[in-house]
Amino acid sequence: MEERTSVNNPQIKAISKLEKKKYREETGYYLIEGFHLVEEALKSHVKYREILATEKALAQLSSLPFDLDDDKLIKISDNVAKHLSSTKNSQDVFMTVKMQQPGQFTFTYGKWVLLADLADPGNVGTIIRTADAAGFDGVILSPQTVDLYNPKVQRSMQGSQFHISLIKQDLADAIGQLQNADIPVYASMLDQNAKQLNDFAPVPQLGLIIGNEAHGVSTDIAALADEKLYIPIKGQAESLNAAVAAGIMIYHFS
């Protein structure tokens, strides 16, 4: 097992750069942090390059029911752990994980959430985690939606990225594929022609479009949906947070 004690070590410097999208795309790897995420990754047999952990964290790792490759384990100092951490309090264990290879996906069944240009990492991660919890098959992210491998998205997903399909694809194409498979597509939006969520009964398959936090679902994408729906606002709030609204709708249809 190798050991890294300096933040100026070339390997540590390269790993720390994975916080930026540019370097993630160049290397094909992203960094996850914390025992829960690392354990979920190991359970899912994802491809990874290395696991970095402090002495204390290595002892905890050894208690997990996995045969870890000693050549991929790196002992790091507390100082290095703090340097690599994207949070105020380091969790002392990190893994560089292989990014999913982009490719065309065919939607022929299931329940899907479609994210239309969402900008907030916390919202995106929370919606993915909620879709996972509700038993949805996956989440489709428009090309303009915040990067799936953003550290804040990773923390918000809490390992759900290893449980359901996450696909970046042009939403118009995805909507067309869903409808060609006789899967209805609903757009969530505040619109005078929209119908109340409670007017819709749960269905075995569907696509549910969630729009950008500030601008909602674009006119072009909304026009492709089979129906527009909204959650009634009973108080004086102007609208709901995107992740909260998505959660209500996801569970309505689960």
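I began with D182, which I found in the loop between helix 8 (171-180) and strand 9 (185-188); helices here are DSSP runs of H or I with at least four residues and strands are runs of E with at least two, numbered from the N terminus. Phi of D182 is near 60°, a positive value in a residue other than glycine. D182 counts as exposed because its relative accessibility is 70%, where exposed means over 50% relative accessible area, buried under 20% and partly exposed in between, with a 1.4 Å probe and protein chains only.

I noted that this is a predicted model, in which local features need pLDDT of at least 70 and side-chain atom pairs count only at pLDDT 80 or more, while totals for chains, interfaces and linings use all residues. Residues are numbered from 1 along each chain as its sequence is written, and side-chain values use heavy atoms, with hydrogens and water left out.

Next I looked up Q179, which has its place in helix 8 and is partly exposed, with a relative accessible area of 27%. Leaving aside neighbours within four places in sequence, I listed V185, L224, A225 and D226 as the contacts of Q179, contact meaning heavy atoms within 4.5 Å. With D226, the side chain of Q179 makes a polar contact of 3.3 Å; such a contact is a pair of N or O atoms within 3.5 Å, and within protein one must be able to donate a hydrogen and the other to accept it, residues adjacent in sequence counting only if both atoms are side-chain atoms. I also checked Q179 against S218, 39 residues apart along the chain, and found 19 Å between their C-alpha atoms.

I then turned to helix 3 (residues 35-43), where F35, L37, V38, E40, A41 and L42 are buried. The cover over these buried residues includes strand 2 (29-33), strand 3 (48-53), helix 4 (55-61), strand 5 (93-98) and helix 7. After helix 3 comes H45, a residue in the loop between helix 3 and strand 3, and I noted its positive phi of about 55° although it is not a glycine. H45 counts as exposed, at 66% relative accessibility.

Q161 was my next entry, in the loop between helix 7 (151-157) and strand 8 (165-168). Beyond neighbours within four places in sequence, Q161 is in contact with Y30, L37, Q100, Q154 and L166, and a polar contact of 2.6 Å joins its side chain to that of Q154.

For the whole chain, I recorded ten helices and twelve strands, and a C-alpha trace spanning about 60 × 40 × 30 Å along its principal axes. Of the 254 residues, 48% count as buried.
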